[in-house]
Amino acid sequence: MKNLVVYSSKTGNTKKLAEAIYDYLPGEKEIYPIEQAPDPNDYTFVAVGFRIENGKPDKAVEEYLKKFIDEKELFLFVTHASKPGSEEVKKAINEAKELAKRAKIVGVFECQGEVPEEILAEARKQDPVPEWVKDAEAAKGHPNEEDIERLIKLLNSLDLPL
Ligand SMILES: Cc1cc2nc3c(=O)[nH]c(=O)nc-3n(C[C@H](O)[C@H](O)[C@H](O)COP(=O)(O)O)c2cc1C
């Protein structure tokens, strides 16, 4: 029985959640950035994390999620600047689920993730300015300890195949 955590993270937010999941998992476990991630089908339980980029799951994770070829138990975790529970977030999560449609999704966690000032400055130059930029102020400091607590609570409440 082997557990795997894979994360796609540009500025470290999703990586924070990945490390908390890795610490939580019992037994034999591995953690990788997506660029080095192994075939998920060789593991019992897999957690895959990504950020929302331009309204969608980031490109690297799109490719990875397509690799799930059997009914693997999959936990998804997502960070984003948009308001938690917003339509954009729901849509991106649904897209990720659709990409991994062969997997059995056992849980999904989402929270905001702080956006570095230089990335915000670039985004503000777009016309129209993307909606998520307005929510970025509230994303400051996330993921924080409360987010991590919520994540662990969710993992605890799931009947994971660990
Ligand atoms: C190029 C770029 C595009 C982004 N687009 C969105 C977006 O469409 N919606 C959103 O909610 N957040 C967006 N964000 C914010 C990130 O999803 C958020 O900061 C996330 O926590 C980054 O995760 P990471 O630190 O693991 O890379 C974008 C960030 C970047 C760098």
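Student: How far is the backbone N or O atom of glycine 12 from an oxygen atom of the ligand?
Tutor: The distance is 3.0 Å. That is a polar contact (N or O atoms within 3.5 Å). The model is predicted: local features need pLDDT of at least 70, side-chain atom pairs 80 or more, while totals for chains, interfaces and linings use all residues. Residues count from 1 along each chain, and side-chain values use heavy atoms, without hydrogens or water.

Student: What about the side chain of threonine 79?
Tutor: One of its N or O atoms lies 2.7 Å from a ligand oxygen.

Student: And alanine 81, how far is its polar backbone atom from an oxygen of the ligand?
Tutor: That distance is 3.0 Å. The protein buries 94% of the 640 Å² that the ligand exposes when taken alone (Shrake-Rupley, 1.4 Å probe).

Student: New topic. Where is glutamate 117 found?
Tutor: In helix H4, residues 117–124.

Student: Why is glutamate 117 called partly exposed?
Tutor: Because its relative accessible area is 45% (buried is under 20%, exposed over 50%).

Student: How far apart are the C-alpha atoms of glutamate 117 and lysine 97?
Tutor: They are separated by 30 Å. Along the chain, the two residues are 20 apart.

How values were computed:
A polar contact is a pair of N or O atoms within 3.5 Å; within protein, one must be able to donate a hydrogen and the other to accept it, and residues adjacent in sequence count only if both atoms are side-chain atoms. Helices (H or I, at least four residues) and strands (E, at least two) are DSSP runs, numbered from the N terminus. Buried means under 20% relative accessible area, exposed over 50%, partly exposed in between (1.4 Å probe, protein chains only).
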